[in-house]
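Dear colleague,

Please find the structure below, followed by a short account of what was found in it.

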Amino acid sequence: QFFQFEVLPQTGAGPPDLGTLEHLLPGHGGVLAFQAGWNTILPAASEPAVWGHLLGRARGVGAAVVLISNGFSFAPVQSRQMPIGHAFLRALVAQAPTLWGHLLEAGVREAFRFGVDQMA
């Protein structure tokens with residue numbers, strides 16, 4: 001939703017605000033991970049400018065961008081999950097402990113709510 005409400009013009013016309021993407025950039029050696037989904041959809045006309053700017057700036061600071069797809073969720077195969085102690089997740093947490101602590105806690109709470117809802 002960051003793209004929809006912070007990067008794209010709210011009037012529906014005009015260029016994207018590429019300066020706001022600076023808030024997403026990790027430091028040198030860091031990784032910016034995106035999960036593709038409904039809230040990361042960009043209008044086709046904005047995609048080259050937004051992704052090009054973000055990738056260029058990430059390379060410029062010696063960082064990487066990873067796009068994670070949830071396409072497997074709709075495929076007839078079993079989904080996978082990353083163990084909480086996985087090295088990749090530990091690296092993300094080390095870069096921004098407050099952010100990732102919040103995201104992991106939110107994930108746990110959402111999982112509990114989903115489980116209770118399914119049992120009800």
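Serine 46 is found in the loop between S1 and H2; helices (H or I, at least four residues) and strands (E, at least two) are DSSP runs, numbered from the N terminus. This serine 46 is buried, at a relative accessible area of 11% (buried means under 20%, exposed over 50%, partly exposed in between, with a 1.4 Å probe and protein chains only). Apart from neighbours within four places in sequence, serine 46 is in contact (heavy atoms within 4.5 Å) with Leu8 and Pro16.

The model is predicted: local features need pLDDT of at least 70, side-chain atom pairs count only at pLDDT 80 or more, and totals for chains, interfaces and linings use all residues. Residues are numbered from 1 along each chain as its sequence is written, and side-chain values use heavy atoms, leaving out hydrogens and water.

Leu8 also belongs to the largest nonpolar core, which has twelve residues, among them Phe3, Leu42 and Val50. Such a core is a set of buried Ala, Val, Leu, Ile, Met, Phe, Trp, Tyr and Cys residues joined through side-chain atoms within 4.5 Å. H2 gives the most to this core, with three residues.

There are two salt bridges (a side-chain nitrogen of Lys or Arg within 4 Å of a carboxyl oxygen of Asp or Glu). In one, glutamate 22 pairs with arginine 57, with the closest N and O atoms 2.7 Å apart. This pair links distant parts of the chain, 35 residues apart. In the other, arginine 109 pairs with glutamate 105 at 2.9 Å between the closest N and O atoms; both lie in helix H4.

With kind regards
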